Amino acid sequence: MVKRFLALQASVLLLLLCMVPAHAAGLGVKLSGAKSVLPGGSLEIAVTINGSGIFSVQGSVLFDSGLLQYTGFSGGRSGWAHDVEASGGKVNILSIDNNLSSPITGYATLLTLKFQLKSTTPAGSALYFSTSGMSASDGMADFSAATVKFQSTVTKPVSGNSSLASLTVGNANLSPAFRPDVLQYKATVPNSCTALELTSSAADSGARVKMNGNKLKIGENQVTLTVTAANGSVTIYTIRVTREASAQQTAAPTSGSKPEPTKQERPATEKESNSFLGTSVHQQTSTVAPSETTAPASAPAHTSVSGNARLKSIVPNQGILSPAFTPKQTEYVLYLPFEVTAISFALEAEDKNASCNDPAELELQPGDNPVSFRITAQDGSVCSYEILVRRMPQYPNGDDSTADSDTTTQPNASFSWLQIAACMLCFLLGGAVVWLLLRRKTGNHPNAK
């Protein structure tokens with residue numbers, strides 16, 4: 001009889017334990033977004049949930065309505081219904097998996113809240129976000145999460161001014177006179193001049209100026225000044241410099257020699273003089289009898305000036321351009337992970353006579369970073385290539401507390417423990433009743449002692 005009673009107790013206890021519902025391990029909430037934003041810009045805050053078998057989430061996100069304006073949300077979890085309303089400095093969220101077919105297990109972005117900085121929000125302002133009353137349900141129990149916070153900062157705008165404030169040449173005259181909005185100039189220097197004495201200054205203190213081609217050869221030369229703004233924008237100033245040939249070498253007349261050459265014969269004599277000085281000018285000479293008349297030398301062939309201002313290739317040292325590069329496509333997008341903080345590009349022009357800037361390494365801010373390259377053809381034609389470098393936000397699992405906030409709390413399981421306590425009390429009372437009944441039955445038995 002005692003064995004039967006113990007077996008009955010074990011069975012009842014097992015049944016009661018099976019009746020206790022199984023709950024998710026906890027509820028975690030994260031807020032993440034860009035750590036900095038420009039005045040007048042926009043900011044997106046992602047709300048990420050971490051749990052097991054979550055079918056509904058509700059709560060609020062608080063913000064400073066004096067600095068920000070809520071404009072809406074995007075990226076709501078697929079298969080869920082989202083009811084989002086803003087009132088003052090609070091955004092109330094209610095998201096439900098109506099069909100109970102897409103519960104949240106692990107990390108998942110619930111939705112992304114969008115905010116616009118007000119025009120009166122100054123640079124240097126701190127933007128604070130925090131959660132309030134965030135809770136979730138797995139259909140059997142409710143779980144609450146502790147308050148999490150996120151902070152972003154309004155940064156000073158990065159200047160895009162890539163113009164020169166001044167440009168002077170100490171040993172030549174520029175034509176036309178310098179103006180910041182004029183990019184093409186001409187100058188002529190004597191044979192003795194091997195380089196321009198250039199002095200320039202950028203209009204913005206954060207811009208950099210780089211000079212190329214200031215080693216003059218006889219004939220036409222192209223000197224460029226590339227101005228790179230703080231945000232990566234580029235402007236190229238070009239000076240086409242003509243360096244004159246050396247003075248003519250005229251031989252002294254001898255007996256029986258030909259009289260002084262006529263003007264028609266002058267070009268041939270200049271070629272001969274250049275050959276005597278060791279220049280690369282090609283010539284062909286002939287012996288002329290005193291009684292003969294020398295035919296005028298033919299003028300040098302005209303060389304066409306190229307108008308090709310296209311690039312042959314753009315190769316970033318990080319990532320891949322989208323779409324794939326073609327010379328006729330001038331706008332691209334380049335996506336980079338948060339861990340990449342700087343980028344540089346290698347450029348190659350289709351025409352070797354075209355000038356393009358030698359871009360320096362660009363430091364990247366989270367979000368969009370515009371880059372512009374200007375290519376100048378030999379005839380002065382200009383073609384611009386634009387690349388939008390988009391640095392992605394930090395992944396929610398990152399350790400940087402300023403990039404996102406993460407707090408995981410254990411569920412409020414007080415109801416479950418009360419249920420277990422009540423069941424155990426019932427079990428003990430039931431056991432006591434059974435024990436008393438068995439004792440009474442044993443006491444009334446004829447063979448009982």
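Author: E348 is partly exposed, with a relative accessible area of 40%; buried means under 20% relative accessible area, exposed over 50%, and partly exposed in between (1.4 Å probe, protein chains only). This is a predicted model, in which local features need pLDDT of at least 70 and side-chain atom pairs count only at pLDDT 80 or more, while totals for chains, interfaces and linings use all residues. Residues are numbered from 1 along each chain as its sequence is written, and side-chain values use heavy atoms, with hydrogens and water left out.

Reader: Which side chain meets E348 in a salt bridge?

Author: A salt bridge is a side-chain nitrogen of Lys or Arg within 4 Å of a carboxyl oxygen of Asp or Glu. For E348 the N to O distance is 3.9 Å. The pair links distant parts of the chain, 36 residues apart, with E348 in strand 21 (residues 345-349) and the other residue in strand 18 (residues 311-316); strands are DSSP runs (E, at least two residues), numbered from the N terminus. The partner is exposed, at a relative accessible area of 51%, and it is K312.

Reader: How many salt bridges does a search of the whole structure find?

Author: Besides E348 with K312, R390 and D368 meet at 2.6 Å, N to O. R390 lies in strand 25 (residues 382-391) and D368 in strand 24 (residues 367-376). D181 and R179 also form a salt bridge, at 2.8 Å, N to O. The search of the whole structure gives three.

Reader: Is D181 buried or exposed?

Author: R179, its salt-bridge partner, is partly exposed, with a relative accessible area of 46%. D181 has 55% relative accessibility, and therefore counts as exposed.

Reader: What is the relative accessibility of I49?

Author: I49 is found in strand 3. Leaving aside residues up to four places away in sequence, I49 touches L27, G28, V29, V57, I104, G106, Y107, A108 and L110, where contact means heavy atoms within 4.5 Å. I49 counts as buried because its relative accessibility is 0%.

Reader: Which strands stand at the edges of the open sheet of four strands?

Author: The sheet has the order 13-17-16-15, with mixed pairing; two strands pair if DSSP finds at least two bridges between them. Each edge strand has a single partner strand, so one side of each is left without a neighbour in the sheet. The edge strands are strand 13 (184-189) and strand 15 (208-212).

Reader: In strand 17, what is the bridge partner of G219?

Author: Strands of a sheet pair through backbone hydrogen bonds, either parallel or antiparallel. Strand 16 (residues 219-228) and strand 17 (residues 234-243) pair in the antiparallel sense over ten bridges. In strand 17, the bridge partner of G219 is R243.
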